[in-house]
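Let's take a friendly tour of the aromatic side chains in this protein. Have the model open and follow along.

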Amino acid sequence: MTDVDTGGRDRLALAVLVQYRMATTKQMHLILSPEVRIEQTRRRLAKLREEGLIDRITLPRAGRTRVWHPTPYGAQIAGEWPELRGRRLPRGVVDRTAVRLKVGHGLTVTETALAFLQDARRRGDVCRPLDWIPEVRHPLGGGEAVIPDALLYYQRCSADGANGADGADGTSGAEGTRGGVMLRAFVEVDRATMGPERLAAKLTAYARLHQYAPTPAARPRQQPFPEPAQETWRQRYPLFPRLLFVLDGTGPAGIITRIHALRAATRDIALAGFLREVPVLAAAMTDLLHHGPAAPVWHPIPGTDHGQRVGWMHNRNS
């Protein structure tokens, strides 16, 4: 009998590349099959390349690292699968030149995803490769939108309490699910390519999304008490996802500067309602990779300079 799992692993490999946009061979190995030898992952990727579903570029430095990405044909095939239905690839994501120009940020986003996946495996939680969804568009009206670097779905099943994240704080989606608590997070990966003020301005964009409700269409006059318009995010999530800033591309002093900028932005009274309901946290990428996302490596935003650190599942009411 043929190995029926082979097709499933090939399918997952293509789905991951279409959804994540790009990944190195090592990243693909750790995402897909960390329990087997990396040679098996290399053979799988080579086969998918021969079939015209994926391609690669080779970075001139970093040990001539190979970076894999989907081809137009691979994206078309995977886009017809139920698990990827509704995922729209940005223009140029399957173009070799575009991949090369975006590789720094793209691989850092994939590395962030891997940190959460590996942490979930260690803890006995549920976070599968396709539970990390990059660049989900959230319209704000007038052609504007909030597009996080990634949307994370995570089911907490471990019994250690994770800093008390029971979802009862009404902030991140912990409706009771069988076998665990579902958490959601918007993830922004910052590589210090923009100034601290521009990074902090993203808080305002998320606060706008938290409040945004489209203007209702005109209703017949016989409805004297029309229902108020509902915020658009409620059509997707039972509770607004928490907001995580992952900071990279700078040293410790630069990380602190960016955290200070985020905290300074929270003094805007227009953000008060958003910050009261939605946890906002920031952490250095190096801490995430060294200790894991569930460790107390996150700085609360707003917060103080007294060294308070929490895990990303932190419930501020606990």
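A residue is called buried here when its relative accessible area is under 20%. Y206 is buried because its relative accessible area is 2%, under that cut-off of 20%. Keep in mind as you look that this is a predicted model.

Now for the ring pairs. The count of aromatic pairs comes to 8. One of them joins Y154 and W312, whose planes stand at 85° with the ring centres 5.1 Å apart, so this pair is edge-to-face. Y154 belongs to strand β7 (residues 150-156), while W312 sits in the segment after β12 (299-301), so the contact ties together parts that are 158 residues apart in sequence. Y154 has 1% relative accessibility and therefore counts as buried; W312, at 1% relative accessibility, counts as buried too.

Another pair brings Y206 back into the story. The rings of F186 and Y206 have centres 5.5 Å apart and planes at 35°, so they make a tilted pair. F186 comes from strand β9 (residues 180-190) and Y206 from helix α6 (residues 196-211), so the pair links parts that are 20 residues apart in sequence. F186 counts as buried, at 0% relative accessibility.

Here are the two pairs side by side:

| Pair | Centre distance | Plane angle and type |
|---|---|---|
| Y154 and W312 | 5.1 Å | 85°, edge-to-face |
| F186 and Y206 | 5.5 Å | 35°, tilted |

F186 and Y206 also belong to one aromatic cluster, together with W233, Y237, F240 and F274.

Finally, have a look at W81: the charged end of R11 sits over its ring, 4.3 Å from the ring centre.

Key: Residues numbered from 1 in each chain as written. Predicted model: local features only at pLDDT ≥ 70, side-chain atom pairs only at ≥ 80, totals over all residues. Heavy atoms only, no water. Phe/Tyr/Trp six-rings, centres within 6.5 Å; stacked < 30°, edge-to-face > 60°. Helix = DSSP H or I, 4+ residues; strand = E, 2+ residues; numbered from the N terminus. Buried < 20%, exposed > 50% of the residue type's maximum accessible area, 1.4 Å probe, protein only. Lys NZ or Arg CZ within 6 Å of the ring centre and 35° of its normal.
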